[in-house]
Amino acid sequence: MSVDHEGYLIGVLKRLGMSHPDRELFEKQLAQTQRHNRAKREASPKLDLRGEWERQVARYIKLGFHEVLGIDEVSYRDSLPKFTPQPEAFKGRFDIPVLVETRISVSKQTELMGISYLLCGLKVQDWKGDPKGYKTPKALYTTWMQDGSGYLKLSVVAFRERMNEDERGATEFDGIALIIKNPEILKHHYINLPGTSVGFDDAPFLRLWFGEPVLDNHWVVGARSNLGSASCGR
């Protein structure tokens with residue numbers, strides 16, 4: 001059972017009236033899901049945020065991000081924000097700390113990483129329909145994410161309709177940072193990036209093509225069993 005199912009059930013109960021015949025069923029499902037998620041959080045080992053930060057920074061440096069910016073390794077390290085403690089409400093939902101680089105374009109970042117970028121020449125921007133008007137910060141930032149595995153088989157439009165108030169769709173910047181964090185993730189599943197829009201009604205997604213990573217786009221209503229929307233806690 002996906003930990004994100006908890007937020008979905010909470011949203012359903014908010015929409016149902018107190019006298020709705022299905023309310024008791026959804027309340028029971030929510031209680032069961034919350035018990036499951038609580039047990040999972042308690043069983044999870046404590047994350048070493050300092051060590052995780054060092055690993056991600058080392059990856060950025062190995063790929064030569066500092067060279068693109070024209071600074072040395074020490075200056076690059078000093079410019080990167082540290083991870084902050086995981087909010088209690090994120091535990092079991094957004095468990096992946098990610099360091100996001102915004103000073104370098106996504107097309108250049110993918111070049112450094114060996115990812116084919118297929119969005120050149122297209123209109124790529126933050127999704128304007130975000131309910132809280134999210135815009136990608138110009139400053140570097142850290143975020144807590146889920147990698148899309150909680151939303152497999154759901155289209156981008158379905159994710160956008162049911163995401164929680166404390167959740168936003170991952171952007172292409174977030175997606176690239178997620179691959180920095182875990183270069184092997186696409187061998188498990190492909191990743192929609194619903195916080196970014198492409199053209200009129202498309203969204204970007206990360207996939208493999210003949211074993212090589214690609215940042216591509218597709219229609220927001222498309223759904224596949226091995227494709228899910230990544231998201232970040234607000």
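1. His66 sits in helix α4, which spans residues 65-69; helices here are DSSP runs of H or I with at least four residues, strands are runs of E with at least two, and both are numbered from the N terminus. The model is predicted, so local features need pLDDT of at least 70 and side-chain atom pairs count only at pLDDT 80 or more, while totals for chains, interfaces and linings use all residues. Residues are numbered from 1 along each chain as its sequence is written, and side-chain values use heavy atoms, with hydrogens and water left out.

2. Is His66 buried or exposed? His66 counts as buried because its relative accessibility is 6%, and buried means under 20% relative accessible area (1.4 Å probe, protein chains only). Leaving aside neighbours within four places in sequence, His66 is in contact (heavy atoms within 4.5 Å) with Ile61, Ile71, Asp72, Glu73 and Tyr76.

3. Strand β4 covers residues 141-146, and five of its six residues are buried.

4. Which strands pair with β4? Pairing requires at least two DSSP bridges between two strands. Strand β1 (residues 96-100) runs antiparallel to β4 and is joined to β4 by five bridges; in this pair, Ile96 stands opposite Met145 of β4. Strand β11 (residues 231-233) also pairs with β4 in the antiparallel sense, over two bridges, and here Gln146 stands opposite Ser231 of β11.

Note on methods: Buried means under 20% relative accessible area, exposed over 50%, partly exposed in between (1.4 Å probe, protein chains only).
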